[in-house]
Amino acid sequence: MNFEAQMISLWTLSLKEVQRVLRIWVQTILPPAITMTLYFLIFGTLIGRRIGQMSGFDYMEYIAPGLIMMSVITNSYGNVVSSFFSAKYNRHLEEMLVSPMPNWTIVLGHVIGGMVRGLLVGLVVSVVALFFTRLPVNNIFITLSVLVLTSAVFSLGGLLNAIFARKFDDVSIIPSFVLAPLTYLGGVFYSVSLLPEFAQKLSMLNPILYMVNAFRYGMLGVSDINIGLAYLIILAFLAGLFALSMLLIQRGVGIRD
Amino acid sequence: MHALSINNLVKVYSNGLRALDGINLHVEEGDFFALLGPNGAGKTTAIGIVTSLVNKTSGEVEVFGHNLDHDLAGAKSCLGVVPQELNLNQYDRLDNIVTNQAGFYGIGRRQARRRAQECLEQLQLWDRRAEIARNLSGGMKRRLMIARALVHRPRLLILDEPTAGVDIEIRRSMWDFLRAINEQGTTIILTTHYLEEAENLCRHVAIIDNGRIVAHDRMTSLLMKLHHEVFVLNTRDPVVALPVLEDFNVSLLNERELQVEITRSHDLNSLFRVLSAAGIHVVSMRNKANRLEEAFFRLTERREAAGDELPARARAS
């Protein structure tokens, strides 16, 4: 299969994944928009007024980047884990496995699907946020690059979850017991400087803290962590998860007998 | 050139099951080949390895000279597969399913759409192209899987029980379709539990049992190896007493039906002469069991276990 044919197969899979996201928009786009509206309403408007300012910004303005990032993370992850696992479970993943399309296109095609959903939801949540607060952009390059890279990282995470999952329960374990706690404790709603020293050090082990703070820096210009370190961690996760996905698909783990 | 060449193929599953025990199989280009065997014999595992859905333990597989270990993409490009179980995205449109499959083989979108239309028209599914696969009947889903397998014009088409659960009318039309694409040059490997289907369609046959090939021959040669056949004869008048026929093993099924076992050393003319002399007039006759079915049971040593009663349809399942 020459490079042009490989690119066609990648385009086909990406298009298929994006069409799936758009076809079931009531399941993929609408729920996070409603959930985030509630977050803005309750945490921002009702509780936020009593909290006052955080790092020099209104509480609503402070949490907006975190909420956008949270929705991007959960939706990128959720899209790939659901799409890949259902393809595996219903066996139509075999359409790709019997074809000559290389493994990198299978990985990248699904990741693109996850990223498109994550970024679309991020856009919708940003629009929702504008009804409640303003969204300044301190550095457009950092804002967009962190958003795109984080979306790719969690799309790969969803793919790995789907590769290992054997039943539907396995698909929800990681999002419920790992992803959600790490996201909520990743500085979405607060600055880690408010935490006791021990908790601050513990928080530094949470990779999502770096992603949320780097994105917040891109928008507000404030961060609890070093931005260079954040990029390093995001890129390391991206490379590591991509390599692991390729290895597992190559070996047929979870997808071939 | 061999369309498919399998040498010493072994598959041992992680639970220790030895599904394939060093099989060798060669399928000529342009052939219509039957791969038969009872459930659990190793057919689907062998097909799974050829289509790269199952990892082999050892052995060599080549598809049109492309070795699976060294040129997997080349081998896959030559292959189309219709699996035993439905593996369609039930919520996708028919035309999307077939068009996307072409795209996975590197065929550009415009050409993929044209090819999808051709294949769906050939399989009489074009009128339903905008429906989701879930809305189709079982037979239509099978046809859709064939359309999907053909969209990249494979040189070797592997069909794993394509007519399972399909009514006789659709099955016959699928036979005609498969014959036509075989005549156009596509090599076909067919596994089926309907042995009359294999006998009707295929020129060569291999029988696999317990992970080993127990027969690999031309269909006609295999059938010639049958030492005897069993016929059921319908008589014009009720048979009151069973005639004594020295060279034939005869039994009375009911007052108008005789069962006669005839060996290769005798012919039907001598049988009819003897019956006529005994005042028995035969009005019709049929094979008790399909000839390939007889061969199958003998080769897989299942006749005793299955008893003497063989239904009209194969009992390979």
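I began with the order of elements in chain A, which along the sequence reads α-α-α-β-β-α-α-α-α-α-α-α-α. I counted 11 helices and 2 strands in chain A. Helices here are DSSP runs of H or I with at least four residues, strands are runs of E with at least two, and both are numbered from the N terminus.

I noted that this is a predicted model, in which local features need pLDDT of at least 70 and side-chain atom pairs count only at pLDDT 80 or more, while totals for chains, interfaces and linings use all residues. Residues are numbered from 1 along each chain as its sequence is written, and chains are lettered from A and ligands numbered from 1 in the order in which they are written.

**Chain A, overall**

I looked up the extent of chain A: its C-alpha atoms fill a box of roughly 60 × 35 × 35 Å along the principal axes.

**Helices α3 and α6 of chain A**

I then examined α3(A), residues 30-51, against α6(A), residues 103-130; the two pack at an angle of about 35° with their axes 9 Å apart. Axes are lines fitted to C-alpha atoms, for helices over the stretch in contact, and angles run from 0 to 180 degrees between N-to-C directions. I recorded the crossing of α3(A) and α6(A) as right-handed, that is, with the near helix turned clockwise from the far one by less than a right angle.

From α3(A), A:P32, A:A33, A:M36, A:T37 and A:F40 meet A:V121, A:V124, A:V125, A:V128 and A:A129 of α6(A). Contact requires C-beta atoms, placed from the backbone, to lie within 7 Å. By class, this contact holds 9 nonpolar residues, 1 polar and no charged. Ala, Val, Leu, Ile, Met, Phe, Trp, Tyr, Cys and Pro count as nonpolar, Asp, Glu, Lys and Arg as charged, and the others, Gly among them, as polar.

**Chain A against chain B**

I found 21 residues of chain A and 25 residues of chain B in the contact. On the chain A side, α1 (3-23) and α5 (94-97) are the elements that give two or more residues. α1(A) gives the most, with 6 residues.

**Domains of chain B**

I read the bounds of chain B as domain 1 (2-219) and domain 2 (226-306); such bounds come from an automatic or database domain assignment. The centres of the two domains, over C-alpha atoms, are separated by 38 Å. In the contact, 10 residues of domain 1 face 8 residues of domain 2. On the domain 1 side, α7(B) supplies the largest share, 4 residues.

**Strands of chain B**

I followed β9(B), residues 204-209, which pairs with β10(B), residues 212-218, in the antiparallel sense over 6 bridges. Strands count as paired if DSSP finds at least two bridges between them. B:D209 has B:R212 as its bridge partner in β10(B). The hairpin has 2 residues between the strands, and B:N210 takes a positive phi near 50°.

I also traced an open antiparallel sheet of 4 strands, ordered β12-β13-β11-β14 in chain B. Its edge strands are β12 (249-254) and β14 (282-287).

Methods:
Two residues are in contact if their C-beta atoms, placed from the backbone, lie within 7 Å.
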